Amino acid sequence: MAIAMETEQEEEETIELGNLSNHIVESIFTKIPLKSLIQLKTVSKTWRNLITNIRHCYPLTTSTGLVIFLKHKTFQESVFMKLHDLTQKNFPKFCTFHSSSTHKFPYLIDSCNGVLLYASENNNNNGFWTYSVSFPVLDQLISLPISHHISRPTCSSLVFESNLFQVISFFWEEVDFDTHMMNCMIFKSNSWKWRETQIQILNSQLLQSDGFIRGQCFNSSVFSREKRKLYWIWSLCLLVYDIDFEVFTLFSLPKNNSRRSRKDVYYSQFLYESSEGGVIQFCDPVNSGVFIWSFRGSEFKFDHFVRLVNINDDQDLRFKTGYSVKPCAFNKDLQVLYLHVLPQTIVVYSFETQELVQIWSYEEDEEEEEMCWVFKIFPFLFSSVDLLAYNKGVGLS
């Protein structure tokens, strides 16, 4: 009977995979992106077992990690980490430190393609902001010309491409509803100067929606290289900036029935670009998990709900997603969502295994007298580029 069952299973595998050799099958599956492999696991038990074995034999690598901005009492620190393939149980740690550096900058503003944007108040220039662009891999830092006054509330983001970097700052309190324009400042490395301008906002009537608060724009932006657009969560809306045409467009964020109110949880909502280039994912946390929606250019479509349980082994602690647990980054290569468990712990949710794993927690030294807290967490790309080629307006050809 056992022999008959084995023969039947072998016949099923032959039908599914044809007469392909194991070497060819492995070669095919190792070239398929992980997101597609996860979907192919549902085809049959044979495929699931085959893909699982291949994943264990051929661990994935990623050049994307995290930068964690730590604030101590007297100094700031940027910590860079790399994540390993979570399926490799033989790894002693799922996350390793790449480097750490202390610096004087009080604010980490943004991260884009391996380059960081810092900000500090310039006391020598009567309260104007000074932005600095940093490439930590080569320990390079460039200070930009003086920008705007600190009395003008602003949201700033960094765009870094192969031959140009830009800083886009928009002033959310400086909107003209009659002309549908908003005051902005744009810095481009090829001109090496700031340009103050007014940019049109399409669908600007959404700014006057009930419950919209213009000051609620503190989440990090997402830059899509394929679409050449920047995306922000702005209170109840998605704000999209077209870099080529220099125009803003507002879209209403989707709503879910699990939340009674958006009050005090807007800061925990999160955007990331999926493995499909140009598709923006919107994470909307609720108490028991995260709703994930896809934005493909004009509207949102509901994808799925990720239920997050057992984030902490201590059953006396009651974490609520969106309050104590916030999505903070996404890794396309490994298909994991990073979650910041307040105050000083990072866990990841694997879309492949549907498991939660703690990868990092800040441990205070017994001799450390200063307080420390995690101020910002951004994705970070460990790439290679020479920022000095951009200094003083000299771009890469």
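User: What share of the 397 residues of the protein chain counts as buried?
Analyst: It's 50%, where buried means under 20% relative accessible area, exposed means over 50% and partly exposed is in between (1.4 Å probe, protein chains only). Keep in mind that this is a predicted model, where local features need pLDDT of at least 70, side-chain atom pairs count only at pLDDT 80 or more, and totals for chains, interfaces and linings use all residues. Residues are numbered from 1 along each chain as its sequence is written, and side-chain values use heavy atoms, leaving out hydrogens and water.

User: What makes up the secondary structure of the protein chain?
Analyst: You'll find 4 helices and 24 strands.

User: Which residues meet where H2 touches H4?
Analyst: From H2 come Val25, Glu26 and Phe29, and from H4 come Trp47, Leu50, Ile51 and Ile54. Contact here means heavy atoms within 4.5 Å. The residues of this contact split into 6 nonpolar, no polar and 1 charged.

User: What makes S17 mostly covered?
Analyst: In S17 (residues 280-286), 7 of its 7 residues are buried. On one side sit Ile280, Phe282, Asp284 and Val286, on the other Gln281, Cys283 and Pro285, and both faces are covered.

User: How do you know that S17 pairs with S16 and S18?
Analyst: Pairing takes at least two bridges found by DSSP. S16 (residues 270-273) and S17 have 4 bridges, in the antiparallel sense, with Phe270 partnered by Cys283 in S17. S17 and S18 (residues 289-295) are joined antiparallel over 7 bridges, and there Pro285 stands opposite Val290. The S17 and S18 hairpin has 2 residues between its strands, while the one of S16 and S17 has 6, with Gly278 taking a positive phi near 90 degrees.

User: What makes S16 and S19 edge strands?
Analyst: Their open sheet of 4 strands runs S16-S17-S18-S19, with antiparallel pairing. S16 and S19 (300-307) each pair on one side only. Neighbouring strands are turned by 25 degrees against each other on average, direction ignored.

User: Which residues touch the most other members of the largest nonpolar core?
Analyst: Among its 44 residues, those are Leu144, Phe170, Trp232, Trp234, Tyr241 and Phe248. A nonpolar core is a set of buried Ala, Val, Leu, Ile, Met, Phe, Trp, Tyr and Cys residues joined through side-chain atoms within 4.5 Å. Strand S9 (residues 164-176) gives the largest share of this core, 7 residues. Beyond its neighbours within four places in sequence, Phe170 contacts residues including Pro153, Met182, Trp232, Trp234 and Phe248. A second, separate core of 21 residues includes Ile68, Leu70, Val348 and Val374.

Definitions and conventions. Ala, Val, Leu, Ile, Met, Phe, Trp, Tyr, Cys and Pro count as nonpolar, Asp, Glu, Lys and Arg as charged, and the others, Gly among them, as polar. Axes are lines fitted to C-alpha atoms, for helices over the stretch in contact, and angles run from 0 to 180 degrees between N-to-C directions.
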